[in-house]
Amino acid sequence: MKNQACIAIGINQYQFFQPLSYAQQDAQALGNFLVDEARLPAERCVLLTDTSPPASDHSTYPSKENILAWLDRQCREQVQPGDLLWCFFSGYGMSWEGQDFLMPVEGDPTDIPATGIPMRELFATLKAAPAEMVVVLLDMNRASSMRSHDAIGTETVELAKRLEIPTLLSCRPGQFSREVSALHHGLFTAALLEGLRYNRCIDLDSLERYLNHRLPELSEHHWLPVQEPLMVVHPREKIHQVIWPQNDAVTASKAAASGFSSSSEPYLGNGFVTPSVEYSPLNGNGFNGSRHEPGNFALPSDVPLKSARAGSQMGKPAAEPADAAPVLSDNSSATPKSQEPVSSQKWVLWGGAAALVLLLGVAVSRVATVNKSAPETSAMVAGTDEISQPTVVPKETTPAAQKPQAAAPPAQPVPSQTLLDKAILTIQPVQATHFSSAITTAGQIPPNDPLYAEAQQNIERWGGVILDIAIGRAKQGNFQGAIAAAKLVPKDRPELNAQAQKLVGQWQQLFKVQQANQKLLNQAVGSIRRGQLDSYTLAIATAGQIPAGQPKYGEAQKLIAQWSEAIFKEIAQYRAARGRFSAAIEAANLVPASTPTYAKAQKAIIQWKQKVKR
C-alpha cells in the first residue's frame, strides 16, 4: 500500500445516554499507535472526541453533521488509489427496524432514524473512497435497556460482506461491549492494541486469531460475561492482506525498551505474547506531542497466562497457529512448551532445519527440471506447489507451414433486455448513486428499440426516486447529502430537473444557516463548566439565538432543557440542601420558562422563600 489515513471517533459524554468512561481514550490510543508506531502522518489522522481540538479550522466535536463531514472529507481529500483507510468508532450503537446506527453525541434513543448515523450510509461513503483497502473497527456499546431482539451488528455484518469492506466488531450481536477501569480502556481496544503492538498482528488473519483468543480471556479475567470479537472479511482472501508495515528491528528495539525481549516474553502456548507492564491513562487530545510509549498499553502483570488448549471459551477450542513454537532461549527461567531436555530440543531444531534445507533442495530441483523442458512457459501456480502446464509450441515455424489465423468476429451489441435488467439490478434502497447508474445504463437503449418506451418510463420514475431521496435527506437536516442527490436528477427531464434545481437553491441557503447555527451550538457546549452557574446561563443564551424553524433549533432546545435541569438539580437544589436558600432561589430563577424544569423550579422557589422568612 502507498499511504494510510485514519478517522478515529470516541464519545464519552452523550446527551441522551449514560456517559461512557474510556471511548475517547480508545480512539486516541489507536490514533497514537498509528501515528507513533505505524508511521501514519499526523495530518492524515483525524480524531473526533468530546474534547478534541479543531483540525484544519473544522470542528471535531463528534456530532452527526461533523462525523459525516469528516468522513466525506477524509475519503475525498486524504485517500488516494492504493492507500489504506482506517475507520474506528467507540461509542453507542443502536438497531431500529433491522437497521444499524452509530449514535453521535446528540444521538437520541427515542428518535434513532433522525439522530443516528445509518450504518449503510457510513459503508457507502467508505466504499466510494479510492482506497485500496478500508478497515472498519467498531467498538459499539449497547445500552442495557435495549431489547434483546434489537441486538446491534446483524445488518453491519451483511453490509460488510456485500460491500467487501473488512470489518471488525468488538462483540457478537446479542453480547455487550465492556469497559474496564483497571485497563483504562474498553476490553476490545485493550486487546486490539496488545495484538497490534506486541504480537506482530500485521494482517487481518493474525489479528483475528489473536483477538479470538485474547478477548474472551480478558473477559474471564475481569469477571465479566464473555465478549467475543467478530471479524467479517469477504472475499476471504483479503484476510492475508497487510494492514500496517512492521519492521522487525524496530519492534525488537521497542520490545527491549518496554522491558521484555524475544527471550523473556511470557509465552501463552499459542504463539501470542502478553506484556507484563501496566496500562496508564492517556493525556492530551491530539496525536502530535502526545506520544505514548508501548509500555503504556500492556496488560496488568497479574493476568493469568493460559495455553491455547486451556483457554477455550463457550466450548470452542482456541485455534493454535500452525507456526506456533515454544519460545526458547539460553535463560534457564524460560520454560519450553515440551518437557524434553534443552539439549534434545536443540537437536530437534537442527534436525528440522536440515530437513527444511533438503525439502527446499528438492523443490528447487523440481522447478529447475520443469523450467529446463519449457523455460518460457512453466510457472508456479500462486498459493500451491503445482506447476502450470507448458504451452505447446508447433514444430512448423516456417511461414509456409503456418496456418492463417481467422479474423476476430466483430463485437456484438449488448441486447436491450440485458441492459434493462442490468439497470434494474443496479438499484439498491436509498442510494441515489445507484439510481443514477441505472438511468445511465437504461439510457443506452436506442429510440428504435422495442424496449425504449419501458426504459424511458423507468428513467422518469428513477429520477423521481432520486428527488425523493434528496427531499428525505433534507428533512433529516442532511442538506449536503440532499444537494448531492438532487444533482443526480437527469438533466433531460426538464420538469423534474427544474424542481430539483429550485430545491438545491433553497438547501444551499439552509446549509449556510445550519453551519452558522452549529457554530453557535459548539460555542455554547464549549462554554459549559460543570457547577458554574454563569457558564450554564451563557450557554443557554447562546443556544437561544437560534430561531424557531431554522436548522438546529430542535437540537438547541434539547440542550437548553438539559442545561436548565442541571441548573436546578446540580446548583439550586445543592445550595438549598446546605441552607443557602437565597442563593438557591437566585439559581432557580434562571431556569427559562420554556423548559420542562421551569414548573419544578417555581414550586421550589415558593418553598425556599418561606424558609428564608423564618
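Which residues in α6 meet which residues in α7? In this predicted model, the residues on the α6 side are L187, F188, A191, L192, E194, G195 and L196. Their counterparts in α7 are L207, Y210, L211, R214, L215, L218 and S219. Sorted by class, the contact of α6 with α7 comprises 10 nonpolar, 2 polar and 2 charged residues.

Two packed helices are described by the angle between their axes and the distance between the axes. Helix α6 spans residues 187-198 and helix α7 spans residues 204-221. The two pack at an angle of about 135°, and their axes are 9 Å apart. This angle makes α6 oblique to α7, because angles over 145 degrees would be needed for a roughly antiparallel pair. The crossing in which α6 passes α7 is right-handed.

Through its side chain, Q175 makes a polar contact of 2.9 Å with the side chain of E228. When residues up to four places away in sequence are not counted, Q175 touches R142, V226, Q227 and E228.

The side chains of S177 and S170 are joined by a polar contact of 3.2 Å. With neighbours within four places in sequence left aside, the residues in contact with S177 are D139, M140, N141, S170, C171 and Q227.

In another part of the chain, V35 lies in helix α1, which covers residues 23-36. The relative accessibility of V35 is 12%, so V35 counts as buried. V35 and Q4 are 31 residues apart along the chain, and their C-alpha atoms are separated by 9.9 Å.

Definitions and conventions. Residues numbered from 1 in each chain as written. Predicted model: local features only at pLDDT ≥ 70, side-chain atom pairs only at ≥ 80, totals over all residues. Heavy atoms only, no water. Axes fitted to C-alpha atoms, helices over the stretch in contact; angles between N-to-C directions. Helix = DSSP H or I, 4+ residues; strand = E, 2+ residues; numbered from the N terminus. Parallel < 35°, antiparallel > 145°, perpendicular 65-115°, else oblique. Left-handed = near helix turned anticlockwise from the far one by under 90°. Contact = heavy atoms within 4.5 Å. Nonpolar A, V, L, I, M, F, W, Y, C, P; charged D, E, K, R; others polar. Polar contact = N/O pair within 3.5 Å; in protein donor to acceptor, adjacent residues only side chain to side chain. Buried < 20%, exposed > 50% of the residue type's maximum accessible area, 1.4 Å probe, protein only.
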